[in-house]
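Here's a quick briefing to read with the model open beside you.

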Amino acid sequence: MAAPRLLRRCLLAALSAVLVASVATGAAQADPPNVTAAAVTFSDTFDGPAGAAVDSSKWQVETGDNVNNHERQYYTPGNRNAALDGQGHLVITARKENPANYQCWYGTCQYTSARLNTAGKFTAQYGHVEARLKVPRGQGMWPAFWMLGNDLGQVGWPDSGEIDVMENVGYEPSTVHGTIHGPGYSGSGGIGAAYSLPGGQAFADAFHTFAVDWAPDSITWSVDGQVYQRRTPADLGGRSWVFDKPFFLILNLAVGGYWPGDPDGSTVFPQQLVVDHVSVTTGGAATGGAIRGLAGKCVDVAGANSANGTPVQLYDCNGSAAQQWTAGADGTLRALGKCLDVTGNGTADGSTVQLWDCTGGANQRWAVSTAGDIVNPQADKCLDVTGNDPANGTRLQLWTCTGGANQKWTVG
């Protein structure tokens with residue numbers, strides 16, 4: 001579902017280097033390797049005293065209004081509308097006020113809010129990009145977590161590209177949108193999809209994790225680990241894919257505009273976008289790379305099925321999303337928005353592996369060594385091709401580490 005909106009006015013992005021840190025520590029054969037399979041290249045958990053401004057080494061605060069979308073707010077500087085709460089959150093507050101006689105495109109501004117970005121401070125190219133958020137509620141509210149191409153200042157929008165990880169408009173309390181914009185598919189022509197909570201639940205009622213797994217020629221969106229769309233150049237009808245380059249991050253809470261419509265008598269102010277954390281994980285397999293093993297074949301999610309319990313198997317490498325694995329800083333290996341999981345929390349030889357919602361459990365933690373072992377530390381056992389059989393569809397399992405070819409893997 002395309003987001004029906006126009007260009008958002010953006011600060012000029014200064015060039016900045018992609019921060020990549022990939023660590024690999026060798027381990028003796030059959031020993032559990034002491035390794036991190038991926039690196040967090042950007043992380044903010046918003047720790048600090050209540051009322052403090054955001055970390056200026058990570059974020060810059062934008063100011064001004066936005067005529068392009070006919071938004072109603074004025075984005076203020078400092079910590080008036082974007083401040084830490086002292087409990088590990090950033091709170092972006094939209095208020096019905098104008099304390100400094102701010103002028104907007106329509107005259108005297110009626111609302112204030114905040115918008116932050118990492119331009120000139122951090123960019124990423126590929127990886128697992130996520131934020132855990134609790135959105136506001138009410139007609140006219142428009143929170144977003146998104147990215148713009150770092151070449152914005154050189155090529156302009158939409159040629160720079162835009163990746164909307166999450167947008168919500170207040171008249172759809174149960175629904176969020178993920179969208180890409182580029183040359184020939186921008187504004188209301190953006191390409192995307194919507195995700196809705198079951199049973200009429202509202203996103204404003206609780207925190208949710210919004211993420212994209214971004215790899216060369218593919219972007220996959222998820223909510224709380226549940227994948228709801230994947231986009232590749234094949235979706236563009238021959239138009240240019242502009243997402244294989246560095247992007248910077250943006251968080252904002254807009255008030256009003258073409259898409260959400262303006263606040264009305266039912267809208268209660270102030271409203272808040274509460275941000276628990278933002279992180280970007282890259283390095284190792286974090287770019288959505290293949291994991292190759294016996295006979296040059298790949299670790300594969302059977303049938304590209306993202307359902308819990310789907311077997312993980314060996315299969316000819318084909319570049320599909322079912323073979324694109326992202327290594328998380330928490331030790332997980334993720335595909336299709338879910339985690340590589342040892343079935344039933346097993347630790348015995350022969351315990352199969354499957355795809356499952358990411359739970360943080362020890363049966364979803366893996367360590368990768370320079371020797372090519374992928375080890376589940378809880379079981380102290382290796383990821384293994386059952387029976388040393390290179391046939392397509394052979395199930396993967398845990399087995400005591402032997403150093404055999406059916407336990408050797410190349411990640412990324």
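Two strands count as paired here if DSSP finds at least two bridges between them. On that basis, β11 pairs with strand β12 (residues 162-167) in the antiparallel sense, over five bridges. Keep in mind that this is a predicted model.

- On the β12 side, A144 sits opposite E167.
- β11 also runs antiparallel to strand β18 (residues 247-255), with nine bridges joining them.
- In that pairing, G149 faces F247 of β18.

**The β16-β17 hairpin**
- Strands β16 (residues 218-223) and β17 (residues 226-231) are antiparallel partners over five bridges, with S222 opposite V227 in β17.
- Two residues separate the strands of this hairpin, and D224 in the turn has a positive phi of about 55°.

**Cavities**
- Searching the whole structure turns up three cavities of 30 Å³ or more, and the largest cavity holds about 110 Å³ of space.
- Of the 14 residues lining the largest cavity, D213, T220, A321, Q324 and L336 come closest to its centre.
- β15 (208-215), β16 and β24 (333-335) are the elements that give two or more residues to this lining, and β15 gives the most, with three.
- By type, the lining of the largest cavity splits into five nonpolar, six polar and three charged residues.

**Disulfides**
- There are four disulfides, and numbering the bonded cysteines in sequence order gives the pairing 1-2, 3-4, 5-6, 7-8.
- C104 and C109 have their sulfur atoms 2.0 Å apart, and both cysteines are buried. The torsion about their S-S bond is about 110°, so this disulfide is right-handed.
- C298 and C317 also form a disulfide, with sulfurs 2.0 Å apart, and it is right-handed with 100° about the S-S bond. C298 lies in strand β21 (residues 298-301) and C317 in the loop between β22 (312-315) and β23 (326-327), so the link ties together parts 19 residues apart in sequence.
- C298 is buried at 0% relative accessibility, whereas C317 is partly exposed at 31%.
- C339 and C358 have sulfurs 2.1 Å apart in their disulfide; C339 is buried at 0% relative accessible area, but C358 is partly exposed at 28%.

Conventions: Residues numbered from 1 in each chain as written. Predicted model: local features only at pLDDT ≥ 70, side-chain atom pairs only at ≥ 80, totals over all residues. Heavy atoms only, no water. Helix = DSSP H or I, 4+ residues; strand = E, 2+ residues; numbered from the N terminus. 1 Å grid on protein atoms, 1.4 Å probe; cavity = no way out; pocket = protein on both sides within 12 Å on 5 of 7 lines; lining within 4 Å. Points joined across faces, edges and corners; volume = space filled by probe spheres on them. Nonpolar A, V, L, I, M, F, W, Y, C, P; charged D, E, K, R; others polar. Disulfide = S-S within 2.5 Å. Buried < 20%, exposed > 50% of the residue type's maximum accessible area, 1.4 Å probe, protein only.
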